[in-house]
Amino acid sequence: MDTDAMNEVTDRQLLLDWIADEFLHNSWAGRRLVAVEGATTGPAARFADDLAGVLSARGQVVVRRSLGEVDEPTLRRETIEPFRAGTLEGAEGADTVLVVDGMRLLNDSVRGIWHFSIWTLVGEELPHSGANVIVDDTDESRPMRYFYDYCKLPPSFGERREATTARPS
């Protein structure tokens, strides 16, 4: 592997380690929930996969789920409640981290569920104002932590509305 390729891997690993350090500093034990969302679902899912791997390498029991487009009742019924009850497959232990990616995970109605949340940016879109950490993942080999002046955004910027189906007239 050439030096540039090693540096690229190192850049991503360093950021993932930094985020894992922050999460584990604040939520070091118990049933913990981490949400990863982005305007583009692929990079958010890959970032969630990588973060789950870093947490697992640090001795954490990690359960990983990709939820896709999910509404609040379904999220709570099929993922959050079983996780908290210890009945979600793979999450039976008391000290377990659930890392999920999907859409509408950071909406106001469910934002308080998560112990930690990440928004991935790709390109020029604006960040979600409810994330703990924003990652510019435009170059996935060299993601960067992104700091934004939230005073420039409305409080619920990034809120995703449920898809509506047109009714025949």
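1. A residue is called buried here when its relative accessible area is under 20%, exposed when it is over 50%, and partly exposed in between (1.4 Å probe, protein chains only). The model is a predicted one, in which local features need pLDDT of at least 70 and side-chain atom pairs count only at pLDDT 80 or more, while totals for chains, interfaces and linings use all residues. Residues are numbered from 1 along each chain as its sequence is written, and side-chain values use heavy atoms, with hydrogens and water left out.

2. Taking a salt bridge as a side-chain nitrogen of Lys or Arg within 4 Å of a carboxyl oxygen of Asp or Glu, the count comes to 13. One of them joins Arg46 to Glu140, with the closest N and O atoms 2.6 Å apart. This pair links distant parts of the chain, since Arg46 belongs to helix H2 and Glu140 to the loop between strand S5 (133–136) and strand S6 (144–146), 94 residues apart; helices (H or I, at least four residues) and strands (E, at least two) are DSSP runs, numbered from the N terminus. Glu140 is partly exposed, at a relative accessible area of 24%, and Arg46 is partly exposed as well, at 39%.

3. A second salt bridge pairs Arg12 with Asp50, their closest N and O atoms being 2.7 Å apart. Arg12 sits in helix H1 (residues 3–26) and Asp50 in helix H2 (residues 41–57), so the pair ties together parts that are 38 residues apart in sequence. Arg12 is buried, with a relative accessible area of 11%, whereas Asp50 is partly exposed at 29%. Arg12, Asp50 and Asp137 are linked in a network of salt bridges.
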